[in-house]
Amino acid sequence: MSTAPVTDKRPSSLRGASLPKWSPWAIAAGAVAVAVGIGLGAGLDSKVQWGLIAAILFVLGTYGIAARVEGRRQAKDRVATSLVWVCFLVAVVPLASLIWETVKRGTKVFDVYFLTHSMGVVADTETGGGIYHAIIGTLEQVGIAALIAVPVGVLTAIYLVEYGRGKLAKAVTFFVDVMTGIPSIVAGLFVLSFWILILDMGYSGFAGSLALSILMMPVVVRSTEEMLKLVPNELREASLALGVPKWRTIIKVVLPTSIGGITTGVMLAVARITGETAPVLLLVWGTNFINTNPFSDPQASLPLYIYQQYANSAGSGAAYDRAWAAALALIAFVMILNLAARGIARWKAPKTGR
């Protein structure tokens, strides 16, 4: 007579207790509610203080609840995730607030008339006027700076990646790193002392472009260098194995493969110098009239226009409105450049499909 083995009918699970997926939202809502209560009770008027209190309560509440339900090990993981979210919000909230404030104040006078007229004979305290002269100056100065900096930066990066060996390459890399951290005012002072004081060439948009190109070159070199390093060596070796010269391999193989990343780096470098004010203030000098010749006489630009409208407003609401509208135009210009860079990078990205 045989007997069947006795089996344990109790359900077994290898996983311990776990918080539901909606628990982070519930903890965040509770932290916000408690922070609002603390802020009202303590008489804190700043919403920033409320937000910081809510962030601290969110992290502490996440650890306490997770440690009680899931254990300390899982609680530490959830705390790390919550810190990432808190840091993300700390970075995004000021940016969103800046964009919202600029759009809200800049749209008061931002229209076709504002974009197609200059200040001319309009005083800073009077209504009317626009940024047409500043748009022309910005486009010409940034364009000339790009024409100077892009070829020099790309060729320097090609040298460092494809040819650079020994002390010269190390020295070039060191000075590129140093130039990356140079303040814009230093570049402006250098061009001022050499181009205007020593050579006596006078204030002009070209002088500002020289300073902007100094600020742009290290960004182009660094971004291009990193993109060239991403090109697989197998492509270079295959081309060289076919007897193709190295210079032709660089032109026909290396650069086309990395052109999307290089273009993105150039666009970001252009966006970086578009908002520079100090070199333009020292070298271009500014004017309220239209000057389409960047090689002669002072010229306007959007960053300088914003500064002048704010500094010379004498409390005038019209000047403040023009300054905010010009800031909105500058942000839109930089945003268009970044979107164009992303589009070109996606368009020129290597095709992975067969």
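A: In this predicted model, the structure holds one cavity of 30 Å³ or more, and the space within the largest cavity comes to about 40 Å³. Its lining is made up of Thr138, Gln141, Val142, Leu212, Ile273, Thr274, Glu276, Val280, Ser301 and Pro303, a set that divides into five nonpolar residues, four polar ones and one charged. Helix H5 (132–163) and helix H10 (246–274) each supply at least two residues of this lining, with H5 giving the largest share, namely three residues.

Ile273, one of the lining residues, also belongs to the largest nonpolar core, which has 38 residues, and there Ile273 is among the members that touch the most others, together with Val191, Trp195, Met216, Leu228, Val270 and Leu283. At least two residues of this core come from each of H5, helix H7 (184–198), helix H8 (205–229), H10 and helix H13 (317–347), and H8 gives the most, with eleven residues. If neighbours within four places in sequence are left aside, the contacts of Leu283 are Gly188, Val191, Leu192, Ile196, Tyr203, Ser204, Ala207, Gly208 and Ala211. Apart from this core there is a second, separate one of 14 residues, whose members include Phe114, Met119, Ala134 and Ala326. As general background, nonpolar side chains in soluble globular proteins tend to be buried together.

How values were computed. Residues are numbered from 1 along each chain as its sequence is written. This is a predicted model: local features need pLDDT of at least 70, side-chain atom pairs count only at pLDDT 80 or more; totals for chains, interfaces and linings use all residues. Side-chain values use heavy atoms; hydrogens and water are left out. On a 1 Å grid over the protein atoms alone, a cavity is a set of points where a 1.4 Å probe fits but cannot get out, and a pocket is an open set with protein on both sides within 12 Å along at least five of seven lines; lining residues have an atom within 4 Å of a point. Grid points are joined across faces, edges and corners, and a volume is the space filled by probe spheres set on the points. Helices (H or I, at least four residues) and strands (E, at least two) are DSSP runs, numbered from the N terminus. Ala, Val, Leu, Ile, Met, Phe, Trp, Tyr, Cys and Pro count as nonpolar, Asp, Glu, Lys and Arg as charged, and the others, Gly among them, as polar. A nonpolar core is a set of buried Ala, Val, Leu, Ile, Met, Phe, Trp, Tyr and Cys residues joined through side-chain atoms within 4.5 Å. Buried means under 20% relative accessible area, exposed over 50%, partly exposed in between (1.4 Å probe, protein chains only). Contact means heavy atoms within 4.5 Å.
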